[in-house]
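Me: I would like to learn how to read a model residue by residue. Can we work through one together?

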Amino acid sequence: MNGFEYPENINIWLSIFIEKMEIHSNNIKKIFIIMFMMSNVSVAQSNADNDSFTNQQNSTEIFNFGRPASKKEIAEWDLDVRPDGTGLPKGKGTVKKGEIIYASKCGFCHGQKGEGGINDRLVARIGEEFPNEDQACGFQCRTIGNYWPYATTLFDYILRSMPMNAPGSLTNDEVYSLSAYLLYLNKIVSEEIELNSENLKNIVMPAHDKFVVDDRLDYLVAH
Ligand code: HEC
């Protein structure tokens, strides 16, 4: 929402206002409430107008600051790797290199072997099942080894958002190496693998078949 947003707690304000003004007549209270409801409608309308206004105009003209993002800047952010591997960049990485990068950039949050620390555990315990909702550890139980359905989106996630304190700072090769290392720790690839866009997209993750396509919307549309 770009336009003015009506405060959510306006109803509380309204009742405080009525109390403070010591308005005891029910009829006057009703008039205030009707006025409030009418103003709400016009605010909703102006919110809608504002949205289309900002869509049509450049924010530089409206607010007199900022500038349009350059093609290069957009390209730097416009990264997405799909489950089937579309969008995977060129590059390669090894478990050994990944281990070194991981130790200096990831371990202090996720544990030196991905066992979890101040942030999420990344490596499943040996033989661990797909975690179910009732487990006390909840989301902390879900790891690359027992929960991620695709290796491609793991690459995508690291490239886009990790390390959390400096997202976007890793090169493609570094992300291939980190993916290789984390997949190795989860016993999904061998220590010797040299990961690249071709072999990454062919990796079948242990949790791949635990997910089902949600076809409820198709069902509703068809009936
Ligand atoms: C400053 C702490 C910090 C550092 C450093 C860090 N991470 Fe994370 N990482 C997080 C947090 C917090 C989350 C959870 C984010 C969320 O759930 O939105 C996370 C989530 C992840 C996940 C997804 C876990 C899951 O199963 O949902 C992966 C994979 C990951 N990090 C990899 C890395 C890698 C690789 C590095 C090093 C390049 C790294 N992280 C560095 C804090 C960190």
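Me: Does Trp-77 count as buried or exposed, and why?

Reply: First, the ground rules. This is a predicted model, where local features need pLDDT of at least 70, side-chain atom pairs count only at pLDDT 80 or more, and totals for chains, interfaces and linings use all residues. Residues are numbered from 1 along each chain as its sequence is written. Now burial: a residue is buried if 20 or more other C-beta atoms lie within 10 Å of its own, exposed if 12 or fewer, and partly exposed in between, with C-beta atoms placed from the backbone. Trp-77 counts as exposed because it has 10 C-beta neighbours inside 10 Å.

Me: Where does Trp-77 lie?

Reply: Helices are DSSP runs of H or I, at least four residues long, and strands are runs of E, at least two; both are numbered from the N terminus. Trp-77 belongs to helix α4, residues 71–77.

Me: Is Leu-154 buried or exposed?

Reply: Leu-154 is buried, because it has 24 C-beta neighbours inside 10 Å. This residue sits in helix α7.

Me: Which residues does Leu-154 touch?

Reply: Contact means that the C-beta atoms of two residues, placed from the backbone, lie within 7 Å. Leaving out residues up to four places away in sequence, Leu-154 touches Ile-144, Trp-148 and Ser-179. Between the C-alpha atoms of Leu-154 and Val-81 there are 9.2 Å, and 73 residues along the chain.

Me: Which residues come nearest to the ligand?

Reply: A residue is near a molecule if its C-beta atom, placed from the backbone, lies within 6 Å of it. Around the ligand there are 18 residues, and Cys-106, Cys-109, Met-162, Pro-163 and Met-164 come nearest. Helix α7 gives the most to this shell, three residues.

Me: What is the shell around the ligand made of?

Reply: Ala, Val, Leu, Ile, Met, Phe, Trp, Tyr, Cys and Pro count as nonpolar, Asp, Glu, Lys and Arg as charged, and the others, Gly among them, as polar. Here the shell has 11 nonpolar, four polar and three charged residues.

Me: Which residues does a cis peptide bond join?

Reply: Look at omega. Met-162 and Pro-163 are joined by a cis peptide bond, with omega about -5°. Pro-163 is in the loop between α7 and α8 (172–185).

Me: Where is Asn-64, and what is its phi?

Reply: Asn-64 is in the loop between α3 (59–63) and α4. Its phi is positive, about 60°, although Asn-64 is not a glycine. Asn-64 is exposed, because 7 other C-beta atoms lie within 10 Å.
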